[in-house]
Amino acid sequence: MKFYIIFAALLALALAKPAEVEILKSSSDVGPESYSFDLETSDGTSRHEDGQVKDVGGEHPAIVVHGSFSYKDEHDGKVYTVNYVADEHGFQPSGEHLPPLPKH
């Protein structure tokens, strides 16, 4: 009887183990006033981002970021993509599955 309990517990643990994800693509470029990177994994996730310093040498330098990420939903199998900008107005995501942001 103990054998069956231990076997069932080990089987449940093995089935609960998440699948391993491999990196398919990874690249980056970092400079003194800008950066960019791309990443793709075997589970359907991808991410791209570019950042640029604006007002270099000025009184209020800041980084403006443009990017996107995509992922495959485990439940419905759909691929969702979020595009975004992060700047002096904050983080501004957009995607077909997200409600629109208020205008500023």
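What does the accessible surface of the protein come to, and what share of it belongs to carbon and sulfur atoms? The surface comes to about 8,400 Å², and carbon and sulfur atoms hold 60% of it. The model behind these views is predicted.

**View 1**
The protein contains 1 helix and 6 strands. Along the sequence, the pattern reads α-β-β-β-β-β-β. Of the 104 residues, 12% are buried. Among contacts with a separation of 6 or more, 11% join residues 24 or more positions apart.

**View 1. The open sheet, strand by strand.**
The 6 strands make an open sheet. Their order is E1-E2-E3-E4-E5-E6, and the pairing is antiparallel. Strand E1 (23–30) and strand E6 (90–94) stand at the edges. Each has a single partner strand, so one side of each has no neighbour in the sheet. From one strand to the next, the twist averages 10°. Strands of a sheet pair through backbone hydrogen bonds.

**View 2. Strands E2 and E3, side by side.**
Strand E2 covers residues 34–41, and strand E3 covers residues 46–54. The two run antiparallel. They are joined by 7 bridges. Which residue in E3 stands opposite Asp-38? The residue is His-48.

Strand E5 spans residues 79–87. E5 and E6 run antiparallel, with 5 bridges between them. Together they form a hairpin. How many residues lie between the two strands? There are 2. Within the pairing, Val-85 has Gln-92 in E6 as its bridge partner. E6 is also an edge strand, with a single partner.

**View 3. Asp-55, a non-glycine residue with positive phi.**
Where is Asp-55 placed? Asp-55 lies in the loop between E3 and strand E4 (62–72). Its phi is positive, at about 60°. Asp-55 is not a glycine. Is Asp-55 buried, exposed or partly exposed? Its relative accessibility is 39%. Buried means under 20% and exposed means over 50%, so Asp-55 counts as partly exposed.

Notes
Residues are numbered from 1 along each chain as its sequence is written. This is a predicted model: local features need pLDDT of at least 70, side-chain atom pairs count only at pLDDT 80 or more; totals for chains, interfaces and linings use all residues. Side-chain values use heavy atoms; hydrogens and water are left out. Two strands pair if DSSP finds at least two bridges between them. Helices (H or I, at least four residues) and strands (E, at least two) are DSSP runs, numbered from the N terminus. Axes are lines fitted to C-alpha atoms, for helices over the stretch in contact, and angles run from 0 to 180 degrees between N-to-C directions. Buried means under 20% relative accessible area, exposed over 50%, partly exposed in between (1.4 Å probe, protein chains only). Contact means heavy atoms within 4.5 Å. Accessible areas come from the Shrake-Rupley method with a 1.4 Å probe; for residues, only the protein chains shown count as cover.
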